[in-house]
Structures are given as structure tokens and as C-alpha cells.
Amino acid sequence: MLICLTASHRNASFDLLERLSIGAPAAASRLVTDSDVLDGAVVLATCNRFEAYLDFAGDDRDSAVSATVDAVAQASGLVGTEVLESVSVLGGKDVVQHLFAVSSGLESVVIGETEISGQVRRSLEDARANGTTTSDLERLFQEAAHTSRGVKTRTRIGAAGRSLVRLGLELASSRVTDWARANVLLVGTGSYAATTIAALRDRGAERIQVYSPSGRAPWFAAKHDLVAAHDLHQAITSSDVVITCTSSEVPVISAADLDDGVRRIVIDLGLPRNVDPAAAQVQGTELLDLETISIHAPVSELNAESEARAMVEDAVSRFRAQSMEQSTTPALVAFRKHVFDILDAEIERSTRRGDVTPESAEQTERALRHLVGVLLHRPSVRARELGRAGRGDEFVQALDALYGVRPEPEAELDVPTPVVPLADRTAPAHGDDAADAS
């Protein structure tokens, strides 16, 4: 059974989400290995979102939620009650609906931004690496990826939404009269930094320096035709606009790094924060952090969003129908095995008694197997029909009553959804709001 624990910019503070973004991913593997109730877990954590998708056996939902909250809180340095009060718990159809909408960018700060789909994809890849996926989680995330690609290619939702970096630059443009003459410092060299450079150049920015706390600035500058900065304070002093996007767990810019009285815009896209909030108190400095930027997120183009949500609803309905149809598969596998075992035994008995000649044995066996296949066709079709209608248990009970056949637990493991490689890694390394490594 699948459930989802979710907290986002809609119902949790940025401070709590920031703490979860650091600790929650590390807790993912322990969620399964240290729990008696969880079979699988996929954790997605960005600066505006925390999600834990859980696959658990039995009906003990409360224990699954409690185990997850405790593990995540401990890893994030939080009290369990803080986390529990900030998350919503989803089950059944709501889990599918939520992930499909999240992956399609419909729950992001900026409706329609596409970076989140890459973050969802990587959360599944991390779970695979940690050995915490299950066939149900695999199928859920595969279908979410398929849905998000369809929304992206068949609607204009991407045009309706704008990435946070572009929104941040839009807000800064009311203070920057000429981007071509502005001196810009970029702190960070991850793939989100590359996205930032593209957005800056679209606005005409030409004077761009780059600084990296990890020392990658020279390499990154050469790759993107920038100027590498070696001294952070000196680079800040010579800049009109400072943009940060590193994954450092501590601020890389403090109030002391900013000169008092100098007019400067600082755009902090980092998660956790790259800029100490006290920097906003420095005279002349205007700080635009993720929380500030999200307040100005634009209203989406309603038609595009409505069309995208309709596609998500259709995808959810198909996924649910397929899931219910597959609910009869273990029983159907057991029934087919039962029938073919009887057939094999009878063929062997007839051959041993000499009821058929060697010349006719092969032809007779082929005819009998064809007949059994024909006889099994209608029950197989009916099993899928009953599953889609939510009546799969009737098929299981009928097999038990008529033939004494019951699906074996291991039969369910024989029919997992194949793991199909997800889309190529074309999205930036951030999700709807996360920051890149420097």
C-alpha cells in the first residue's frame, strides 16, 4: 500500500523545509532497513518541498507514518512533532494525483516550471541506489515521468511558468537599468549556475564573474566564457548584482562581506540559504531570497493550467485502472499454473501408459495445450475486467471456492513492472527550487 507524507511552501515554513532538505535524503535508506513496517521509500526534498512516498505492508498506516517522521526529524535535527504538524498524509488515489501533479510542475511555486521533473527522477534514482524501491513505487514514478513529459509537450504550461532564477532576475530588473553595463557576480558552478548564465545573457548581461567555494571557478569560467574570481570579498565589492546558487550547508556570504552604503542587489537562490539573512540589514543592500521571490510568483495562464490538470486527471484514471486490473494477476498466475500442472501430469501419465503412439504424441500434446489456452482465455479477460471494476476480490474468491486455488505471496513478486530507463538527463540539477552544488 502506498502513502505520501508531503510538506511544501503552501503549508510549512521555509526554515523547516530548509532543514528537511538537508537531512531527509540521508534518512531514506534507514527508513526501510530500520523499519518493520516499510517495504520501500522514495524521498524528494527541495527548498520548497519535502515528500516521502512509502510502500508498506498490512494496514498499519500510523506506524509507517510515525517511523518516517521520527527518522526524518532525527536526520534533520528537528523534533518529531514539528515535522508531524507540518506534513499532510495522503493515501490511495491522492498519492497518484499528487505525484503526477508535482512532477508536471503544477504544485511548484511558479506554476509550470520544468526543473522539478528532473528532481523527481533523481529521487527515484537515489532510491534505486539505496535499494529502497519496490515494484509499486517504480511503476508510480515511471508513470509520473511519462505524465510530466506529456504535459510538457502537449500543453503551454511551460510558457505559463518561469523558473525561479528568471523570476528573480525580473524582480531585479526594476532596479537594474541596463544589464549590459551591470557587473554581475555568480557564486556557484553547478548546472543551476549554467541556467542562471543563460538567463542573464538573455537579458543582455556581459560582465559576469564567477566564484566557487569549492575552487571550480577557473574551469567553469573557461567553459562559459566568464571571468573567474579568486577573492570573494573583492568580487562582491566590484559587483552591482550578486547571485548565489550553491549547495553549501552554511551561508557563503555574511553581512560583513557587504560594504555599508553601497547599492547592491543580492539574489539568493541557494538551498540552504547561501546568504546570511542579516545581509538584508546592510545599508544599500537589497536581498531577494527564495521566500521573497516566491511571494511574487506570477498567476499562471489559466487555460494552460486547466489543460495540464485535465491531462493529469486522465493519467491518474488510467494508472488506477491498470493498478486495479493488475490486482488479479497473482491469482490468475496461480490459476494458470494449476491448470497447466494438471495438463502436464495427464500428458505424462498418458505417455507412460502408452495411450498415444510416439508419432502422435507431439501432435496430441500441441492440441491439448491449445485447447487449455482457449479455455483459459475467457477467465483471463474476465479477471482483468473485474479488476478494473474494483471487484478483483470476487475473482480470487471464486478460484478458491471452485478449485481451491489461492495466489501465493511469492507470485506477486514474479510480475513486477519492468524498470524502463527514464528520460535523458536534460533538466537542470535542481527541482522546483533546489540549489546546485558549487
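**Briefing on a predicted model: buried and exposed sites**

Helices (H or I, at least four residues) and strands (E, at least two) are DSSP runs numbered from the N terminus.

This is a predicted model, in which local features need pLDDT of at least 70 and side-chain atom pairs count only at pLDDT 80 or more, while totals for chains, interfaces and linings use all residues. Residues are numbered from 1 along each chain as its sequence is written, and side-chain values use heavy atoms, with hydrogens and water left out.

**Asp 268**

- Asp 268 belongs to strand β9, which covers residues 264-268.
- Asp 268 is buried but has no salt bridge (a side-chain nitrogen of Lys or Arg within 4 Å of a carboxyl oxygen of Asp or Glu).
- The nearest side chain of opposite charge is that of Arg 273, 5.7 Å away from Asp 268; Lys and Arg count as positive and Asp and Glu as negative, while His and the chain ends are not counted.
- The side chains of Asp 268 and Thr 244 are joined by a polar contact of 2.9 Å (a pair of N or O atoms within 3.5 Å; within protein, one must be able to donate a hydrogen and the other to accept it, and residues adjacent in sequence count only if both atoms are side-chain atoms).
- The side chain of Asp 268 also reaches the backbone nitrogen of Gly 270, at 2.9 Å.

**Largest cavity**

- The largest cavity has a volume of about 90 Å³; a cavity is a set of points on a 1 Å grid over the protein atoms alone where a 1.4 Å probe fits but cannot get out, and lining residues have an atom within 4 Å of a point.
- Of the 10 residues lining the largest cavity, Phe 14, Glu 18, Gly 270, Arg 273 and Leu 290 are the closest to its centre.
- Helices α1 (14-33) and α12 (290-295) each supply at least two residues of this lining.

- Asp 225 is located in the loop between α10 (217-224) and β7 (227-228), and counts as exposed at 65% relative accessibility.
- Although Asp 225 is not a glycine, it has a positive phi of about 60°.
- Most residues other than glycine have a negative phi.
- Arg 388 lies in helix α15 (358-388) and is partly exposed, with a relative accessible area of 40%.
- Arg 388 and Arg 320 are 68 residues apart in sequence and 8.3 Å apart in space, C-alpha to C-alpha.

Technical notes:
Buried means under 20% relative accessible area, exposed over 50%, partly exposed in between (1.4 Å probe, protein chains only). On a 1 Å grid over the protein atoms alone, a cavity is a set of points where a 1.4 Å probe fits but cannot get out, and a pocket is an open set with protein on both sides within 12 Å along at least five of seven lines; lining residues have an atom within 4 Å of a point. Grid points are joined across faces, edges and corners, and a volume is the space filled by probe spheres set on the points.
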